[in-house]
Amino acid sequence: MDTTERHTNANILISGASVAGPALAYWLRRHGFTPTVVERAPALRDGGYAVDFRGEAHLTVLERMGILDEIKRVATNMGAMSYVNEDGRQIASMPADLFSGDVEILRGDLARILYDATRDDVEYIFDDSITSISETAYGVDVTFERGAPRRFDLVVGADGLHSNVRALAFGPESRFVKDLGLYCAIFTTANHLGLDYAGHAYGTPGKLVAMYSARKNTEAKALFYFGSPSLAYDRRDVAQQKKILAEAFAGVGWETPRLLRDMRDASDFYFDSVSQVHMDRWSTGRVVLLGDAAYCASPLSGMGTGLAIVAAYVLAGELAEAGGDHRTAFARYEEAMRDYARGCQKQGEGVSRWMVPENRFIAWFMNTNYRLLPYVPWKGLIAKGVRKTASAITLKDYT
């Protein structure tokens, strides 16, 4: 990487090593900054759901990073998602481009690609977390759960929906997180249906369970959505979360009983609310938020990962263009990203009503529409509209 430039505020701590954090670290190093990434997990998180990129903005940033070809190499190459009845008979089918975008990849595979692109010249600290942030005239004094205190020039919260940095610098999560009335769970399981680059989904009122093949059909992902008011549970207690899911889907047909049995031994189980983050500002002093921590669009939007990749490019570029002046850079970052982020969030609003219908009539109505979709002249408009939203930003060439 080109690291010949030097800036003020060069020493930057990033919290979060999933997607947004390593993407930002890549661009910061390229612009001459010195990023450090701290991650609560003991290692990179594998597994997770499939994420997609769509539209010119997403693909342009990936290409400028030099990782687009690698992403295509390990892409899921998913086909259509079929809706089935309790006996597994197909009743409707949704086109691949609606769910998979221009290129789709498992979140864990993307995290590995980003880590490999940065590991040689970025300091990574795993199995640790920030416990306090104190801004001074000289920088930000940071304490950690395990490591010794350190001083950084700037701190970036790229640590997701339940951002620790956001809580420390901006206040409690309840002020910013808006639940959309659903909970989601996903884990890896055997591809016992023999799915061939395809997925099956089965729904009952308020619930959806799906399977789709992964890693060249050698395994599958089990995906669950269910409607619920906000639940009180320990986000670190996986056993409790598995119990919540098992109780929510007790008595549901199709492949659900087998998947719930497989869930017991799943090592990559993920469970969370389907939520968005809305904030009036994304920075305070020397602290700034990036990706889901600032403007989570929810998994229903199909935009969150692409949004994070674009935002990392913009934030690093604005810091470089401002010579490290964080006040100028943070303001320009927000000005460039605010409307784009809001547009991406709108893609996730209202989706739950048709994805997980509340009653049998709505479920019947949606299934009827799914059956007719391949035959109507406007069948491609939904995917085109999503791609248009994903491209609704003009990217500077910061190099």
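**A close look at strand E11**

Tutor: Happy to! Let's begin with a pairing: strand E1 (residues 11-15) and E11 run parallel to each other, joined over four bridges. Within that pairing, Leu-13 stands opposite Val-155 in E11. Please keep in mind that this is a predicted model.

Now look at the next neighbour. E11 is also joined to strand E18 (residues 287-289), by three bridges, and these two strands run parallel as well. Strands of a sheet pair through backbone hydrogen bonds, and the pairing can be parallel or antiparallel.

Let's step back to the whole sheet. Six strands make up an open sheet, and its order is E7-E2-E1-E11-E18-E17, with mixed pairing. At the edges are strand E7 (123-126) and strand E17 (283-284), each of which pairs on one side only. E11, in contrast, sits between E1 and E18 in that order.

What about the two faces of E11? In a regular strand, side chains alternate between the two faces of the sheet. Strand E11 covers residues 154-157, with Leu-154 and Val-156 on one side and Val-155 and Gly-157 on the other. These four residues are all buried, so both faces of the strand are covered.

Asn-85 lies between strand E4 (81-84) and strand E5 (90-94). Leaving aside residues up to four places away in sequence, Asn-85 touches Ile-91, Tyr-202 and Trp-254.

Finally, here is the wider protein around these two places. The protein has 14 helices and 18 strands. Of its 399 residues, 56% are buried. Among contacts with a separation of 6 or more, 72% are between residues 24 or more positions apart. The accessible surface comes to about 17,500 Å², and carbon and sulfur atoms account for 48% of that surface.

Notes: Residues are numbered from 1 along each chain as its sequence is written. This is a predicted model: local features need pLDDT of at least 70, side-chain atom pairs count only at pLDDT 80 or more; totals for chains, interfaces and linings use all residues. Side-chain values use heavy atoms; hydrogens and water are left out. Contact means heavy atoms within 4.5 Å. Buried means under 20% relative accessible area, exposed over 50%, partly exposed in between (1.4 Å probe, protein chains only). Two strands pair if DSSP finds at least two bridges between them. Accessible areas come from the Shrake-Rupley method with a 1.4 Å probe; for residues, only the protein chains shown count as cover.
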